[in-house]
Amino acid sequence: MRIRPIYISLFILFILGGLFGLMFLSEQGKTENAQTQDDGFYYQDVSLKYPTYATFLGLKKDTTLTRQDVLEVTQIVTPLDIETTDNKGDTVVTDKITQLPDFSKIDTTRLVRIKYPENSPDFANELRTKLASRSCRILHYGDSQIEGDRITGYLRNRLQLMYGGGGPGFLPVLPVYNQISATVTPSENWQRYAYFDPTQKKFSHRKYGTYLSVSRFTAYQTEQPDSTAMNALPVVKASVTIGKSTKAYAKFRRFTNIGLHYGNCNTPIKIAVYNDGALIQQDSLITDGKYHQYKIRTSTTPTNLKIEVEGKISADFYGLTLDAPSGVQIDNIAMRGASGTIFASSNAGTYSRMARQLKPKIVIMQYGGNTMPYLKDSTDVEKYAKRVVNQANWIRRRAKNTSFIFIGPTDMCQPVNGKMETYPLLPYLDTKLMETCLENNVAYWSMYKAMGGKGAMALWVDEKLTAKDYMHFTWKGTKIISELFFTALYLDLKEPKTNEET
């Protein structure tokens with residue numbers, strides 16, 4: 001029997017018509033998994049995803065935000081570029097890079113401002129005083145959003161241009177991600193142990209220091225070997241070489257105060273420091289097991305600094321700090337996968353001793369993104385907000401006289417009916433974090449609102465300001481979001497006599 005083409009066409013149209021008709025029976029948000037609410041059918045414990053006619057025809061939208069709205073947000077400010085000329089006097093770039101925001105060209109009414117606790121009316125004045133002091137260290141904790149010195153580096157450059165200072169601050173002995181602030185080249189026998197890494201077994205002593213990670217040149221052992229076993233161990237050498245980065249802001253290439261932070265040193269370790277091959281320091285590390293900083297001072301920024309350590313059992317090396325003698329120093333402490341809730345379970349004594357040495361005056365915490373996908377309801381949101389603020393209070397008790405600023409999560413999307421939409425609980429998370437922070441003397445800046453609010457992430461991706469993972473900023477997007485934060489901060493740091501500019 002020969003089937004005529006017209007019958008095939010009619011059959012296909014019949015099937016398509018039936019499938020389209022089912023869209024009128026499908027119910028919006030009927031299938032649910034955590035925060036995901038797709039269209040479909042649901043009967044007893046069985047669910048089937050299926051679009052409604054409104055979703056299929058594009059009649060249902062996640063937001064009224066438009067491309068023009070996002071473009072206007074990103075054009076409020078003009079970010080600075082990285083200086084490519086490394087002139088010793090900075091005379092080539094000074095005129096350009098020291099310019100502060102020109103408020104005659106900025107609509108400040110559109111800026112998302114930093115919220116300050118009502119019970120601390122002098123909060124902004126205290127920030128100004130601390131930044132303008134002889135030395136002001138800032139600890140910037142965050143998740144993968146700040147990896148590679150993103151956001152932190154831009155803010156550091158801006159503040160160092162305003163208040164003085166130099167150097168990139170903290171760097172791990174064994175970097176695990178690319179960063180532009182300095183060149184750090186470790187020997188191959190270093191191993192990294194991060195307290196926030198869920199794939200690693202935690203040290204029983206939990207002494208991870210202020211930076212919550214350590215590097216070692218021998219494997220960690222739970223017990224100290226006896227004298228016989230110690231004699232049989234080989235002597236191990238390790239090194240790390242530090243140099244100026246040609247990709248960094250010029251201020252980062254100026255550091256003469258180098259600190260090697262270590263602890264849990266119980267057996268002899270020799271240390272030698274070379275610059276361009278010439279020995280400049282030679283010592284032994286302190287073997288009392290406590291936290292210490294080994295200081296290296298140079299009259300000029302070293303061009304090729306090599307630190308060699310030698311011993312049978314490694315100490316825990318918390319990292320390096322590369323600073324100018326005065327001014328602003330900002331440490332980028334990126335914790336991939338973290339939600340900002342692990343500080344209080346680390347060793348308080350080691351954290352306190354290291355904080356007393358570093359003397360931070362401001363702490364910036366930037367979390368929330370890694371928790372968002374796992375929040376099921378408003379109760380989960382409220383619990384998380386309390387946990388995060390409890391961590392800030394734990395740090396505050398160990399890093400005395402510090403001011404806290406919390407930067408909330410970005411807009412975040414999940415696939416719903418084949419389209420990327422903002423997590424339903426994200427607006428409430430942003431609001432609850434702000435409320436809880438302000439109640440606990442922590443200032444708050446909403447990155448979610450600064451991006452444009454609900455639905456902004458998809459548009460930032462379209463403009464190549466965030467990566468296609470709908471999570472991390474591109475370099476262009478990093479500079480824009482960083483300048484939005486800095487401009488909001490600068491509005492509050494200006495001396496009162498210039499407030500008429502706003």
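**Cavities, pocket and charged pairs**

Mentor: Start with the second largest cavity. Its lining is made by Gly 148, Asp 149, Arg 156, Pro 168, Phe 170, Leu 171, Pro 172, Pro 175, Tyr 177, Gln 179, Ser 181 and Asn 332. Keep in mind that this is a predicted model. The volume of this second largest cavity is about 90 Å³. Sort its lining by class and you get six nonpolar, four polar and two charged residues.

Now look at two names in that lining, Asp 149 and Arg 156. They form a salt bridge, with the closest N and O atoms 2.6 Å apart. Are these two residues buried or exposed? Both Arg 156 and Asp 149 are buried. Side chains of opposite charge can pair when their charged atoms come close.

Step back to the cavities as a set. There are eight of 30 Å³ or more. Rolling a probe the size of a water molecule over the atoms shows where empty space is left. The largest cavity has a volume of about 140 Å³. It is lined by 15 residues. Asp 143, Gln 145, Gly 369, Pro 409 and Thr 410 lie nearest its centre. Its lining holds five nonpolar residues, nine polar ones and one charged.

Next, the largest pocket. It contains about 370 Å³ of space. Its lining has 19 residues, and those nearest the centre are Ser 135, Arg 137, Asp 323, Gln 357 and Leu 358. Which elements each supply at least two residues of this lining? They are β4 (135-142), β10 (257-263), β13 (292-297), β15 (316-323) and α8 (348-358). The largest share, four residues, comes from β10. By class, the pocket lining has four nonpolar, eight polar and seven charged residues.

The whole structure has eleven salt bridges. One of them joins Arg 67 and Glu 463, with the closest N and O atoms 2.5 Å apart. This pair links distant parts of the chain, 396 residues apart. Arg 67 sits in helix α3 (residues 67-74), while Glu 463 is in the loop between α12 (456-462) and α13 (475-493). Arg 67 is partly exposed, because its relative accessible area is 48%.

Another salt bridge pairs Glu 308 with Lys 306, at 3.5 Å from N to O. Glu 308 counts as partly exposed because its relative accessibility is 25%. Lys 306 is also partly exposed, at 31%.

Methods
Residues numbered from 1 in each chain as written. Predicted model: local features only at pLDDT ≥ 70, side-chain atom pairs only at ≥ 80, totals over all residues. Heavy atoms only, no water. 1 Å grid on protein atoms, 1.4 Å probe; cavity = no way out; pocket = protein on both sides within 12 Å on 5 of 7 lines; lining within 4 Å. Points joined across faces, edges and corners; volume = space filled by probe spheres on them. Nonpolar A, V, L, I, M, F, W, Y, C, P; charged D, E, K, R; others polar. Salt bridge = Lys/Arg side-chain N within 4 Å of Asp/Glu carboxyl O. Buried < 20%, exposed > 50% of the residue type's maximum accessible area, 1.4 Å probe, protein only.
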